[in-house]
Amino acid sequence: MFWAVIIGLLHILSLSNNLLFHTLVEMFSIIVAYIIFLLVWESKTFLENRYILFIGISYFFVGTLDLLHTLSYESMGIFPGFGTNLPTQLWIAARYMQGISFLVASLLLIKYGMNGVRDYVRPVEKSMFAWRVFFIYAVTTLLCILSIFVFRNFPDSYIEGSGLTLFKILSEYVISLMLFCSLVLLYFKRNCFENKVFKLLAASIILTIFSELTFTIFTNVYDFQFALGHYLKLLSFYLIYKAIVEMGFGEPYSFLFRELKYNEEDLRQKAALLSEEYNRMCGIIGINKYLAEDVGKWDKNEKSYYSFIQDLHGILFQLNKDFRLLFLYGPVEEMIGYMKQDFLSGKINWEEIVLPEDRHVIFENRKKLISNLDFVIESEYRIRAKNGEIKWVREFLQKISDESRTSAKFQGSVHDITQYKMAAEALKKIEGTRIKEIHHRIKNNLQVISSLLSLQAEKFEDEKVLEAFRESQNRVASIAIIHEELHEGNSIDTLDFADYLQKLTADLFSSYHVGKSHVNLKLELKHVYLGMDTAIPLGIIVNELISNSLKHAFPDGDNGEISIQLQEADKYVSKPEKLETGISCQDEPNIDYILTVADNGRGIPEEIDFINTDSLGLQLINILTEQIDGCIELRRNRGTEFVIWFSSSENSGKLK
């Protein structure tokens with residue numbers, strides 16, 4: 001119904017002002033094309049689907065040609081002297097680029113489809129692919145523009161008095177055929193997309209085909225076929241927008257992050273393979289003492305052992321007691337580029353190709369082996385191949401002795417685990433992005449709840465009811481800020497509690513409309529990193545304590561100060577004042593940090609027992625302190641001072 005109304009209004013406009021109608025339709029398509037490009041381009045380093053990346057880049061140049069087409073209408077007066085042929089030429093150039101783009105993107109999908117387990121593609125490689133595509137399109141577009149505007153050797157598409165040329169009509173059929181072929185290829189690789197995305201892409205291509213066929217039969221811009229072709233183009237661009245932007249970015253789990261399941265499966269299979277390699281290596285290391293007393297014996301018996309190690313995807317080696325290479329077997333040249341003889345002759349030492357910052361791993365392992373006869377060491381480090389490429393390897397090393405056990409040799413194997421490392425890193429990044437997106441969604445939902453509370457509060461005039469709504473809003477906000485910090489921070493599961501407290505207190509002061517001239521805020525905060533299980537309860541506790549101070553500690557506009565201090569427990573100096581509970585929290589075990597919230601206001605009345613109270617705020621404080629296995633002290637001298645002793649969640653907190 002919405003689109004029926006829009007198209008109806010556009011049709012009425014086309015009858016009275018065809019130029020305005022054409023400009024509006026084309027500008028919508030151009031804006032959509034640029035939006036698609038911008039979002040896809042910003043996501044180029046983590047988009048696995050090259051179809052989407054290719055189409056997104058192409059639409060920038062399709063939109064650019066469409067923009068020139070829109071501005072080139074003779075009645076616009078921007079390009080005088082070209083006539084009606086110019087916009088038609090630009091139109092057919094843009095459509096050729098669009099049709100070829102869909103066809104090439106479908107071919108890329110056939111070549112780089114996402115069936116089964118795939119090799120991990122590094123972000124830099126994705127970025128290079130995107131830049132190459134951008135450069136090719138930029139050159140192609142520039143050549144088209146020069147051909148049309150400068151050299152004027154682009155085939156005529158419209159002749160005054162005769163209408164559309166044969167070239168233009170045949171081109172529309174050729175473009176339609178390319179689009180149809182791309183649709184067929186897309187259908188065969190539909191499993192590379194979510195079902196909704198595939199349907200939207202297919203529908204967009206089908207509408208584009210009908211749009212092209214429509215433009216083969218109109219005679220002038222006032223024909224209904226001319227308007228119909230633009231309606232179909234309008235809808236096709238909108239469907240592309242729905243497929244790539246709304247489905248892809250509005251629902252990232254159904255599109256952009258769907259690669260997570262492929263990477264997880266990839267990592268699982270590679271981990272299983274690595275486990276098999278590990279077991280094989282342990283077996284080989286265990287029996288290698290019988291395989292080679294010296295290089296000569298190995299050469300004679302090589303055939304008998306070849307069937308055992310032919311499937312080994314690594315390098316076997318043996319060293320003498322001084323760690324000099326005696327024997328080397330395996331795909332040395334394939335793995336690192338150097339010849340086997342380079343190492344056996346001493347021309348190159350293995351330590352030389354190990355990155356300097358990782359060499360200590362090798363030397364530490366050797367020290368351990370010298371002191372322990374039966375020790376088997378597994379280690380990982382990086383090497384630099386002959387072509388300069390950095391690779392991760394896993395090394396197994398074992399000490400072996402002859403029958404007299406008077407002399408020793410060392411043997412082991414080296415495996416290339418670069419792909420495993422990259423797959424694990426990719427999975428870690430994708431998981432981090434997914435969790436950050438979850439934090440972002442939760443924060444947004446909490447803000448919606450806060451807004452709903454605010455709207456609901458407007459229906460009441462009772463001060464107590466309004467105060468209850470405001471307290472609820474502040475509690476929700478204290479949790480929302482935590483998710484905001486986790487979304488924007490470097491860590492996905494811990495946050496800088498000091499930064500969080502600064503934002504929380506600023507929001508609370510703003511909520512209660514308290515200026516610095518009335519009540520000052522003093523913060524002394526160490527940068528402590530806490531997990532959510534500790535940070536959320538502590539945040540609500542601070543919210544309640546600050547709110548109570550702002551509401552009750554300074555009546556009649558009295559000046560005062562609220563202070564918050566966060567420090568390590570071992571640096572806290574206990575004060576001699578009598579405690580409300582009569583029990584010192586210093587007696588509690590496993591305490592890491594101290595959080596103090598104090599004010600110099602009128603203080604909590606003596607008759608109020610903050611442990612057993614009807615106040616919801618104080619009840620929350622006690623419940624949440626118990627939840628984090630903390631301890632709370634109350635001091636009533638010179639105002640009110642709450643001291644909360646707590647440990648970091650699972651001892652994960654850390655101090656800068």
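Helix α17 (residues 497–511) lies across β9, β11 and β12, running at about 170° to β9. This is a predicted model, in which local features need pLDDT of at least 70 and side-chain atom pairs count only at pLDDT 80 or more, while totals for chains, interfaces and linings use all residues. Residues are numbered from 1 along each chain as its sequence is written, and side-chain values use heavy atoms, leaving out hydrogens and water. Helices (H or I, at least four residues) and strands (E, at least two) are DSSP runs numbered from the N terminus. Contact means heavy atoms within 4.5 Å; axes are lines fitted to C-alpha atoms, for helices over the stretch in contact, with angles from 0 to 180 degrees between N-to-C directions.

**Sheet**
- Five strands form an open sheet of mixed pairing in the order β9-β11-β12-β14-β13; strands pair if DSSP finds at least two bridges between them.
- β9 (519–525) and β13 (631–635) are the edge strands, each with a single partner, so one side of each has no neighbour in the sheet.
- β11 (residues 560–568) and β12 (residues 593–599) pair antiparallel over seven bridges.

**Aromatic residues**
- Phe-61 and Tyr-137 are stacked because their ring centres are 5.7 Å apart and their planes at 15°; rings of Phe, Tyr and Trp (its six-membered ring) pair with centres within 6.5 Å, and planes under 30 degrees apart count as stacked, over 60 as edge-to-face and the rest as tilted.
- Phe-61 is buried at 5% relative accessibility (buried is under 20% relative accessible area, exposed over 50%, partly exposed in between; 1.4 Å probe, protein chains only).
- Tyr-137 is also buried, at 8%.
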